[in-house]
Amino acid sequence: MTNPLAAADFFALEAGECLDRLEKLAGRDEAPPAEDFLRASRVLRGSALMASQQAIARAAGGLESVARALREGRRAWDPECKEQVAQAIEELRLL
């Protein structure tokens with residue numbers, strides 16, 4: 001039998017690590033490495049889905065979309081993008 005509190009604790013730990021990584025990547029002046037940014041977003045989304053945290057999974061999916069757009073050249077890493085990503089990460093921390 002699994003302990004629900006243990007699963008929530010594991011999710012909080014893993015999500016915190018993903019958010020730390022995303023924050024570090026987004027804090028750069030130049031565009032973050034797209035694959036690293038995509039990987040961290042995907043891990044966060046997958047972890048949220050496993051923990052039944054649907055709101056966090058949807059938000060992480062948004063970060064995944066930004067990462068894909070950066071990788072494919074459909075989005076530039078300009079000050080606006082950087083600020084929106086930073087705000088999204090901060091909001092995810094609050095969730």
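Start by selecting Phe37, which sits in helix 2. Helices here are DSSP runs of H or I with at least four residues, numbered from the N terminus. This is a predicted model, with local features needing pLDDT of at least 70 and side-chain atom pairs counting only at pLDDT 80 or more, while totals for chains, interfaces and linings use all residues. Residues are numbered from 1 along each chain as its sequence is written, and side-chain values use heavy atoms, leaving out hydrogens and water.

Phe37 is buried, at a relative accessible area of 0%. Buried means under 20% relative accessible area (1.4 Å probe, protein chains only). Now show its contacts, meaning heavy atoms within 4.5 Å. Beyond four places in sequence, Phe37 meets Leu22, Leu25, Pro32, Leu63, Val66, Ala67, Leu70 and Val85.

Next, select residues 34–50, helix 2. Its 17 residues should span 24 Å at 1.5 Å a residue, and the end C-alpha atoms are 24 Å apart, which agrees. The expected span is 1.5 Å times one less than the number of residues. Colour its buried residues, including Leu38, Ser41 and Leu44.

Now the largest nonpolar core, 23 residues. Such a core is a set of buried Ala, Val, Leu, Ile, Met, Phe, Trp, Tyr and Cys residues joined through side-chain atoms within 4.5 Å. Leu22, Phe37, Leu44, Leu63, Val85 and Ile89 have the most contacts inside it. Helix 1 (4–26), helix 2, helix 3 (54–72) and helix 4 (79–94) each give two or more residues. Helix 1 gives the most, seven.

Finish on Ile89. Outside four places in sequence, Ile89 touches Leu19, Leu22, Glu23, Ala26 and Leu63.

Technical notes. Buried < 20%, exposed > 50% of the residue type's maximum accessible area, 1.4 Å probe, protein only.
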